[in-house]
Amino acid sequence: MPSSPTPFIPQRRQALALLATLAATSIGLARAATLADRPINLVVPFAAGGGTDTVARLIGQKLQAALGGTVVIDNRPGANGLIAARAVAQAPADGHTLMFGSNSTHVIAALASKQAVVPGKTMQEAFTIVSVMANAPLVLAVRADSPAKDLPGFLQRAKANKLSYGSFGAGSSAHVMGEVLAESTGIELLHVPYKGSSPAITDLMGGQVDAVFLTVAAVEAMVTAGSVRPLAVTGLRRVRSLPAVPTFEELGVRDMGNAGWFAVFAPAATPAPVVTTLATALQAIAADIEVQARMVALGLEPVVSTPAQALETWRRSLAAAAPIVKKANIVF
């Protein structure tokens, strides 16, 4: 009897799978090579003129030069980044729609929001993190004419009368740190959320809120002009652009050592070659001396990270923030 033929179905399946992988890789490489053929929309989840917007425009300008194409800043404020996140997560995964997010939009919102950015998907399932660009400490600041000359003075006033503070959104990192500050010091604070840093600063200067909890980038110009007084910064080290301003930890306030961060995100299905192209450009931008100097002036700590390192930062932040969000019962 003739011997039975050697089964070929598994090999055929493997070959088809390999061909599919090669085809996807080829498409990804082609897309990566043509990122300059159409504008890249860098979606910013807060209003124009705020701290996040300022940094995004700096990165966008440099990314445009690096890729040889056009980068358009697209401000979509609201719902603590959920509006912007949905627009990006549901956009074609071709590298032409990116989000300039942060731990507020991709950590706090991921933990506290009742609404999924994409139905049936977690934030990590909806996005690929491309690169962390900078660590972003927060600063508690008051008007220059405020009776609170320093943090102890602010806390003393708050114990006598409930004070208000503005942030760049309900459920933002600033909101969370304000809750931590109140709990750690035994004071009551009224949180007033805004759709970005600029309107919060406007109301601070107009006397509608007693203080703001924002990124250093958002208040740096006002501090330099002498119209805003910074009281303390989050993080474990003083900010290089505000060397005279102590950290909350220095002043004995517990659990205020966490600093936020800014990162670039792409839709989850973005091909690996496209992500690599973007990440390589962003790493070079973060390492650029001019960019670093500008970031330091804005109160940021420049970070050069690969996608893998950025993903680890994201995972650690989610793990650290989860118990704080739960304890403060932050839900929106």
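Predicted model: local features only at pLDDT ≥ 70, side-chain atom pairs only at ≥ 80, totals over all residues.
Me: What makes a space a cavity or a pocket, and how many cavities of 30 Å³ or more does the structure hold?

Reply: A 1.4 Å probe fits in a cavity but cannot get out, whereas a pocket is open. The structure holds 1 cavity of 30 Å³ or more. About 70 Å³ of space lies in the largest cavity. Its lining is made of 13 residues, with Ser 102, Asn 103, Phe 168, Ser 173 and Thr 215 nearest the centre. Sorted by class, that lining has 6 nonpolar, 7 polar and no charged residues. H4 and E10 each supply at least two of the lining residues, and the largest share, 3 residues, comes from E10.

Me: H4 and E10 line the cavity. Why is H4 described as largely enclosed?

Reply: Of the 10 residues of H4, 8 are buried, so the helix is largely enclosed by the rest of the structure. To count as buried, a residue must have under 20% relative accessible area. The buried ones are Asn 103, Ser 104, Thr 105, His 106, Val 107, Ile 108, Ala 109 and Ala 112. Their cover includes E3, helix H5 (123–126), E4, H7, E10 and H12.

Me: What makes E10 "mostly covered", and how do you know which strands it pairs with?

Reply: On cover, 8 of the 8 residues of E10 are buried. On pairing, the rule asks for at least two bridges between two strands. Strand E3 (residues 97–102) and E10 have 4 bridges, while E4 and E10 have 8, so both pairs meet the rule. Each pairing is antiparallel, E3 with E10 and E4 with E10. Val 264 in E10 takes part in both: Phe 100 has it as a bridge partner, and so does Ser 131.

Me: Where does Leu 155 sit, and why is it called buried?

Reply: Leu 155 belongs to helix H6 (residues 151–160). Its relative accessibility is 14%, and the cut-off is under 20%, so the residue counts as buried. Leaving out residues up to four places away in sequence, Leu 155 touches Leu 181, Thr 185 and Ile 187. Leu 181 lies 26 residues from Leu 155 along the chain, and their C-alpha atoms are 9.6 Å apart.

Me: What is the strand order in the open sheet of 5 strands, and what makes a strand an edge strand there?

Reply: The order is E7-E6-E8-E5-E9, with mixed pairing. Strand E7 (189–193) and strand E9 (228–233) stand at the edges because each has a single partner strand, which leaves one side of each without a neighbour in the sheet. From one strand to the next, the twist averages 30°.

Me: How do you know that E6 and E8 are paired, and what packs on the sheet?

Reply: Strand E6 (residues 163–167) and strand E8 (residues 211–215) run parallel and are joined by 2 bridges; the rule asks for at least two, so they count as a pair. Tyr 165 stands opposite Ala 211 in E8. Helix H9 (residues 216–225) packs on the sheet, touching strand E5 (138–143), E8 and E9, and its direction makes about 120° with that of E8.

Methods
Residues numbered from 1 in each chain as written. Heavy atoms only, no water. Axes fitted to C-alpha atoms, helices over the stretch in contact; angles between N-to-C directions. Contact = heavy atoms within 4.5 Å. Buried < 20%, exposed > 50% of the residue type's maximum accessible area, 1.4 Å probe, protein only. 1 Å grid on protein atoms, 1.4 Å probe; cavity = no way out; pocket = protein on both sides within 12 Å on 5 of 7 lines; lining within 4 Å. Points joined across faces, edges and corners; volume = space filled by probe spheres on them. Nonpolar A, V, L, I, M, F, W, Y, C, P; charged D, E, K, R; others polar.
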